[in-house]
Amino acid sequence: MAAEPVAPESIASDPFAAEGLALDQALEQVLAALRPLDGEERLPLAAALGRVSAEVVRAPADVPGFRASILDGYGIADDTPPPRGSRWRVRGRAAAGAPWAGTIAAGEAIRILTGAPVPDGVQRVLAQELVAVEGDVITLEAQVGPNPWIRSAHEEAAADQVLLEPGVRLTPATLGRLAGCGLAAVAVRPRPRIGLLSSGDELVAPGEERAAGQIWESNGTLLEALLRQLGYGVAERRVAADDPAALREALLALADRCDVVVSTGGVSAGDTDWIRPLLAEMGTVSFWKLFLKPGRPFAFGWLGGRPFFGLPGNPVAAAVTALQLLWPALQCLEGAEPQRLPRLRVRLAAPLRRKPGRPELVRAHLMVAADGAVQAELAGSQASSRIGSLQGADLLLEIPAEQGDLEAGALLWAQLLRLPIF
Ligand code: AMP
Ligand code: MG
């Protein structure tokens, strides 16, 4: 990976250094520093879901490749809509996968079924509901419109047409279209291997006894599950105490085996917060601290040539910063343009009390009223330690730094916590 670490000195001259870096500036710095990982692999289509394409794919031929009937009915040679009462003699039958080899002349028809190749000479298909059948003669009993009900030989794609560019995230519809155009496999970019370290003296594994002052370690599970939801796997998970030697060992091992190293906790300025000094000692600190709530303690830098994300210890802050900064970075390492969550304007369902200070991402539920109007309802206490505020959240309300109390009905920008389906 050819990436230019940003010199730590640049922090000193940053006007935001005291408060931390604004989220959009932080994102810009992170993305500017990253390059896609090398390599590619070829996968069967279904196995490539969610991966990023590594090649240009062109249609090998016209698709469907023949003119096809859109209806069950009768094919006729008339090139303008025939009048009611017109009659034709039925000469043959064409079905999907069973073409009729003849040609028809004026006054003749063929029985034709949906998806059947349209024989030479046939200019339109009459829906079977519009005709009366008597032996091998059909009579038009209704008015017909201008639609000939025939799909073109290259409706889905023309031969050599570009179906896929490199750097595109593969969705069900894209994969289905490739299959429909006769392709069985696609080259994809490697997914970054993620190493995740949860740090803290107080952490004990869930399921184990908790001694006085200990807490059950949740960031590992929360982040691994979040990353999986976003299409990434965690290659290795570690837990370490706030001990420089233990942290050094864990960080170096993860940097050795993974493409991205992520830690949580220990990245503030307390006596036991070793992450930033260790990053400075073993690698490079590109920036430290975000001007954001939740998520002020945050470090980005380089460790053994790998991008490093030092996320906050509080679970909500860790998850929110992972979504805002780590996710775009992972997409960039995969060679895809980072997708942004859709943003919309929503009204607050109830007043929101807050002090001006830091920009805030507030967790909320999207409520749809009977008239279709949408409203945001806060997901309870916004403490960055309360994972409950993330549960079922549909929105991250974007509240500007200088904003104080907000009344019910106030309009806010919000990120919609939804991923594309097709
Ligand atoms: P720190 O950033 O290390 O000061 O941690 C901030 C808060 O997050 C503290 O209350 C920690 O106990 C808590 N915390 C840190 N790591 C974790 C973790 N892995 N799981 C749950 N809580 C954590
Ligand atoms: Mg700590």
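Okay, let's start with how the protein chain is divided: domain 1 covers 17–38 + 191–333, domain 2 covers 41–62 + 155–188, domain 3 is 68–151, and domain 4 is 343–416. Keep in mind that this is a predicted model.

Now, the aromatic rings. How many aromatic pairs does a search of the whole structure find? The answer is four. One of them is Phe300 with Trp302, with 6.1 Å from centre to centre and 65° between the planes, and that makes it edge-to-face. Are these two buried or exposed? Phe300 is buried, with a relative accessible area of 0%. Trp302 counts as buried too, at 4% relative accessibility.

Phe300 also pairs with Phe309. Here the ring centres are 5.1 Å apart and the planes are at 50°, so this pair is tilted. Why tilted? Because planes under 30 degrees apart would count as stacked and over 60 as edge-to-face, and the rest are called tilted. And Phe309, like Phe300, is buried.

If you zoom out a bit, these residues belong to one aromatic cluster, made up of Phe287, Phe298, Phe300, Trp302 and Phe309.

There's another ring I'd like you to find, and that's Trp288. Which residues put a charged end over the ring of Trp288? One is Arg276, whose charged end is 3.7 Å from the ring centre. Lys289 does it as well, with its charged end 5.1 Å from the centre of the Trp288 ring.

Okay, on to ligand 1. There are 14 residues around ligand 1, and the ones that come nearest are Glu202, Glu217, Ser218, Gly266 and Gly313. What sort of residues make up the shell? By class, three are nonpolar, nine are polar and two are charged.

Let's go through a few contacts. Glu202 has a polar side-chain atom 2.4 Å from an oxygen atom of ligand 1. With Ser218, look at the backbone instead: a polar backbone atom there is 3.0 Å from a nitrogen atom of the ligand. For Asn219 we're back to the side chain, where an N or O atom lies 3.3 Å from a nitrogen atom of ligand 1.

And how much of ligand 1 does the protein bury? Taken alone, the ligand exposes 480 Å², and the protein buries 76% of that.

Key
Residues numbered from 1 in each chain as written. Chains lettered and ligands numbered in written order. Predicted model: local features only at pLDDT ≥ 70, side-chain atom pairs only at ≥ 80, totals over all residues. Heavy atoms only, no water. Phe/Tyr/Trp six-rings, centres within 6.5 Å; stacked < 30°, edge-to-face > 60°. Buried < 20%, exposed > 50% of the residue type's maximum accessible area, 1.4 Å probe, protein only. Lys NZ or Arg CZ within 6 Å of the ring centre and 35° of its normal. Near = heavy atom within 4 Å. Polar contact = N/O pair within 3.5 Å; in protein donor to acceptor, adjacent residues only side chain to side chain. Areas by Shrake-Rupley, 256 points an atom, 1.4 Å probe, with all protein chains shown as cover. Nonpolar A, V, L, I, M, F, W, Y, C, P; charged D, E, K, R; others polar. Domains from an automatic or database assignment.
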